[in-house]
Amino acid sequence: MLRLKNKAHGEPLEPLEEAVLLGAETGTVVVRDAAGRVYATLSATPELAFRVSGALGIHSAALEANGRTLEALRFPVAAVTKIEDDGGQFRELLTLLYATMLDFSETGMTLWNGRIYKFFVRWLRDHVHTLKGMKYFYNDLKSAIDLFKESQREDGMIWDNVYERTAKPNAWDMRFSYGNFIRPYPDYSGEFKRIPVENDVEYLFIEGLYYTWKATGDDGWMTRTLDHAIKAMNYSVTDPYRWSEKHKLLKRGFTIDTWDFQNKEDAIISAGGDPVHLSFGGGDAMVVKVGHTRFGVMFGDNTGYAASCAYLAEMLTHAGREADAAVFAARGKEIKERLDQLAWNGKHYTHHVPEDPNVKRDLGVDLDAQVSLSNAYSLNRGLTHEQCAAIIRTYQGIRDHLPEGSPGEWYTIYPPFEKGYGGHNAKWQYMNAGVTPIVAGELAHGAFEHGFEAYGVDILRRVTELTKRHGTHLHCCYVGSRSPAPARTFTPLDLSKQANASFDGKGAPGVPGWTGEGENDLHEMVSGRQKLAEIDWLIADPAANGRRGCVALSPREGYAMRAEIPVHAKAASLYFLHAISSAPAGIAGSITVEYVDGSTFIKDVVRGQNVNGWWMPEACGGGRHAAPVTAVAWSGKNKVCSNVGVLAYGLDHPKPDAEIRRIVLDGPKAGGTWLVLGVTLCDAPVYFPTSPISYGIPDNWGAAAVVYALVEGLAGIKDEGVCYERAQVAPRWTSAGVDRARATIVYPASGGYVAYDFAHDAARKRLNLRVASSGEGCRCHVLLPAGASKVAGVDVNGKPRAFTAGKVEGSLYADFDLAGADLRDVSIQYA
């Protein structure tokens, strides 16, 4: 009986895996894939080895003799997307990226018109960009595109996002009803919105349709969506909100690249005097109005639209609509030509070109010199090689002159705006020169494809390091520049005379123990002169101070309610090392600063704002748009809790030139205990290190961009057909110094895949490639090692194969074709 060695019944094999068939004594063994294609024909032996290839699903190994089948064994073949490489650094990166894509809260669903629709993010834009990575791991891809197709506005407009709501009128109704830019569900359980200023949604709908079709292979579904796609693309070039008749290009208000808010001045102008829109921060940054808004051309809308013209033309051709395909192919070329004449400056695209050349904006930066993130996207939208090389070199120039504390050159825009944007777009935050892996991924992808492979590898490695630096999660936006701590001098105050409680829970006669809870205490606390949270402290030593280590203020018996600390000095800021115990929310105590002139300054200490509990201590106060005012300064453990500690709190002193006579601390009147371990004066304003993490962009979007670079760039597997029916295999492992790797890239929605084993034998100057796929052919484009001068020959399954050799920038590639479903062993000799 035929069986597989070391495999239980039903246990799947993987592409490229060596299978050993037992029980074939005489005859011929013919192995077929799930599509019925033969990929191995072997003479029978009792123990027969072959490698798995071909379409995923149920394969068969048939023992044949004299023209008939004697016996057949059926076995499953399955695959998942994965990368294995010497050292495991890129396997680790793919794992981190996949984990980040899964760990995002907006992934979900909506119920509309009796159907459930699923999406990666509630915004179409974000969903489509996340699709670039998730299509290799997820199978339910069509319903999100269906949602935005079936809800398409009558004139062709595509909605931006979908959110839950109630029947009660909301602020979005006020803001967006003026142009029918909001539409509630019939039952008011949700709403569709279009951000009026945005002009990328229609082309992204096409891009999403294209990626989904390629991953699912559902020609019928794609074909039924084409008229919606055409309607959307025509809306973009006819609607007065979207189309510049002057430039014959897509237009928008002055936003930061493809984002959805204008600067303060443009928002006020766009409001057109409407009191509703002026009520939103003095001008609704998302609103545009024909006749008021100072429109201009943002190049990224146009490179994206041109690329989607090519996508749509390909789909139309596939559906047999060649005449329609020709219209969009021509339109895309015309858009690109007009855009290059208007906005290409020789190094990158100019961020925004006003329709009215008399419009002048003072935003504190040379607007023509700014490099915005759509330059990285445009690398992968059909630009010429010369344009791509120029953009890549522009980013390399930024990398070589990074501002202090920058995590990388992957800016949303650079240099930042000094004026006009604030709040969530303060300098170096979010879209005003935040740093994002969106740019890193798109830039690395472009670098791999245009002869800058070492730079692409460098980007991937730095993204890996950045991810691991912040808890194995890749955030989608980082602060673009962080200054080090300022020069400052600390003057710690001696609290040994005011100290009245012990750090341990037992205490001593006349000395209460910490919070009086026995072994649940702070007995590991350090004392003496210490630097905690980058601040100098003088903490009373209980061993030399009668067991007294801290000031414990509480109405409880044995504790004090007031402590008076003499100072007689000036200070720009005051720091307190403290915690609160068992206090209700609200005021935990108060700080009174008394001056030699008799005046006072009082500051309440509020739980959750400038102090927190000593169990599981967490910083508080500050916020997204405000500098931090606390930091966890010390943490340890006790026998009850594995994480106890105290905070440092900084208070900017309102009278830095006034001499302080004393500081008076008053305890919580409502109960609880305020525990103060140190007070320090400083000659500089309060400073705590700011978070390196910015905000505003879904993390799965950024991670997907890097997956895109890793899969299509470094591993080099790109779909050139549908479901990898035709694929490019362009392994670039030599640029990373990796001599052995295996890549398997799969569309779970269809089972289309490509897998290969790669090996580099430097001593023999040989590259070996073993390729399996579900499709009918591969176009190989193999990078040779640096220093290789020529391709000496290519063999496929031991026979010479015709090839060409060519250079991309300074990189040498061998190009040849592979056909059929059978496993192909390739050897490339170089000199």
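Let me start with the largest pocket, which is lined by 35 residues, those nearest its centre being Tyr210, Tyr311, Asn380, Arg381 and Gly382. This is a predicted model, in which local features need pLDDT of at least 70 and side-chain atom pairs count only at pLDDT 80 or more, while totals for chains, interfaces and linings use all residues. Residues are numbered from 1 along each chain as its sequence is written, and side-chain values use heavy atoms, with hydrogens and water left out.

By pocket I mean, on a 1 Å grid over the protein atoms alone, an open set of points with protein on both sides within 12 Å along at least five of seven lines, whereas a cavity is a set where a 1.4 Å probe fits but cannot get out, and lining residues have an atom within 4 Å of a point.

The largest pocket holds about 720 Å³ of space, a volume being the space filled by probe spheres set on the grid points, which are joined across faces, edges and corners. Helix 9 (299–318) gives the largest share of its lining, six residues, where helices are DSSP runs of H or I with at least four residues, numbered from the N terminus.

The second largest pocket has about 580 Å³ of space, and of the 28 residues lining it, Gln429, Arg624, Ala626, Pro628 and Thr690 are the closest to its centre.

The largest cavity, of about 50 Å³, has Arg381 in its lining, together with residues including Arg125, His129 and Asp200.

Definitions and conventions
Helices (H or I, at least four residues) and strands (E, at least two) are DSSP runs, numbered from the N terminus.
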